Amino acid sequence: MIHDHEARLPDVHDTVLQGAAIEEWIHGVRDCAQLREMVVRGGPLADAPQAVAEHDQKQRLEEALSHLRKGASVQLRYVFDGVEWWDTLMPLGDGKVRLVRIDRATLDRR
């Protein structure tokens with residue numbers, strides 16, 4: 001039996017994006033992945049996952065950029081190359097955004 005304090009932590013990747021790299025990252029998700037859900041951290045929709053239909057993906061990613069510009073954090077849940085990723089983008093100010101990426105499958109390893 002594994003206790004909570006013994007559970008393996010998920011694989012996490014952390015980086016800072018700046019300037020044009022932020023939009024390039026969003027465009028990469030749009031062009032190469034299947035966005036499934038978006039979670040806005042802050043504001044009236046905070047923490048409520050919003051399902052994303054394939055035909056709405058481009059619009060929802062533009063909304064994500066808009067939320068980031070207004071200072072809200074955004075989590076994008078998408079599938080790329082058969083793997084589900086949860087990327088949280090947090091504005092840092094001065095045109096920088098912190099990106100924390102989690103391979104969703106590693107959350108289930110216990």
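Visitor: Leaving aside its neighbours within four places in sequence, which residues is Arg-30 in contact with?

Guide: In this predicted model, and with those close sequence neighbours set aside, Arg-30 is in contact with Gln-57, Lys-58 and Leu-61.

Visitor: Where does Arg-30 lie, and what is its relative accessible area?

Guide: Arg-30 lies in helix 1, which covers residues 20-32, and its relative accessible area is 28%, so Arg-30 counts as partly exposed, a class that falls between the 20% and 50% limits.

Visitor: How many residues apart along the chain are Arg-30 and Gln-59, and what separates their C-alpha atoms?

Guide: Arg-30 and Gln-59 are 29 residues apart along the chain, and their C-alpha atoms are separated by 9.7 Å.

Visitor: OK, and at what angle do helix 1 and helix 2 pack?

Guide: Helix 1 and helix 2, the latter made of residues 57-69, pack at an angle of about 155 degrees, and their axes are 10 Å apart. Angles over 145 degrees count as roughly antiparallel, and the two helices are therefore roughly antiparallel to each other.

Visitor: Is the crossing of helix 1 and helix 2 left-handed or right-handed?

Guide: Helix 1 passes helix 2 in a right-handed crossing.

Visitor: Which residues meet there?

Guide: From helix 1 the residues are Ile-22, Glu-23, Ile-26, His-27, Val-29 and Arg-30, and they meet Gln-57, Lys-58, Leu-61, Glu-62, Leu-65, Leu-68 and Arg-69 in helix 2. By residue class, this contact of helix 1 with helix 2 divides into 6 nonpolar, 2 polar and 5 charged residues.

Visitor: Stepping back, how many helices and strands does the protein chain have?

Guide: The protein chain has 2 helices and 6 strands, and, read along the sequence, these follow the pattern β-α-β-β-α-β-β-β. Of its 110 residues, 35% count as buried. If we take the contacts with a separation of 6 or more, residues 24 or more positions apart account for 54% of them.

Visitor: Switching to strand 5, is Asp-87 buried or exposed?

Guide: Asp-87, which is found in strand 5, has a relative accessible area of 0%, and because under 20% counts as buried, Asp-87 is placed in that class.

Visitor: Which side chains does the Asp-87 side chain make polar contacts with?

Guide: The side chain of Asp-87 makes a polar contact of 2.7 Å with the side chain of Tyr-78, and another polar contact, of 2.9 Å, joins the side chains of Asp-87 and Arg-101. Beyond four places in sequence, Asp-87 is in contact with several residues, among them Trp-25, Val-74, Leu-76 and Ile-102.

Visitor: And Thr-88, what is its relative accessible area?

Guide: Thr-88 is found in strand 5, residues 83-93, and is buried, with a relative accessible area of 15%. A polar contact of 3.1 Å joins the side chains of Thr-88 and Gln-75. With neighbours within four places in sequence left aside, Thr-88 is in contact with Val-74, Gln-75, Arg-98, Leu-99 and Val-100.

Methods
Residues numbered from 1 in each chain as written. Predicted model: local features only at pLDDT ≥ 70, side-chain atom pairs only at ≥ 80, totals over all residues. Heavy atoms only, no water. Helix = DSSP H or I, 4+ residues; strand = E, 2+ residues; numbered from the N terminus. Buried < 20%, exposed > 50% of the residue type's maximum accessible area, 1.4 Å probe, protein only. Polar contact = N/O pair within 3.5 Å; in protein donor to acceptor, adjacent residues only side chain to side chain. Contact = heavy atoms within 4.5 Å. Axes fitted to C-alpha atoms, helices over the stretch in contact; angles between N-to-C directions. Parallel < 35°, antiparallel > 145°, perpendicular 65-115°, else oblique. Left-handed = near helix turned anticlockwise from the far one by under 90°. Nonpolar A, V, L, I, M, F, W, Y, C, P; charged D, E, K, R; others polar.
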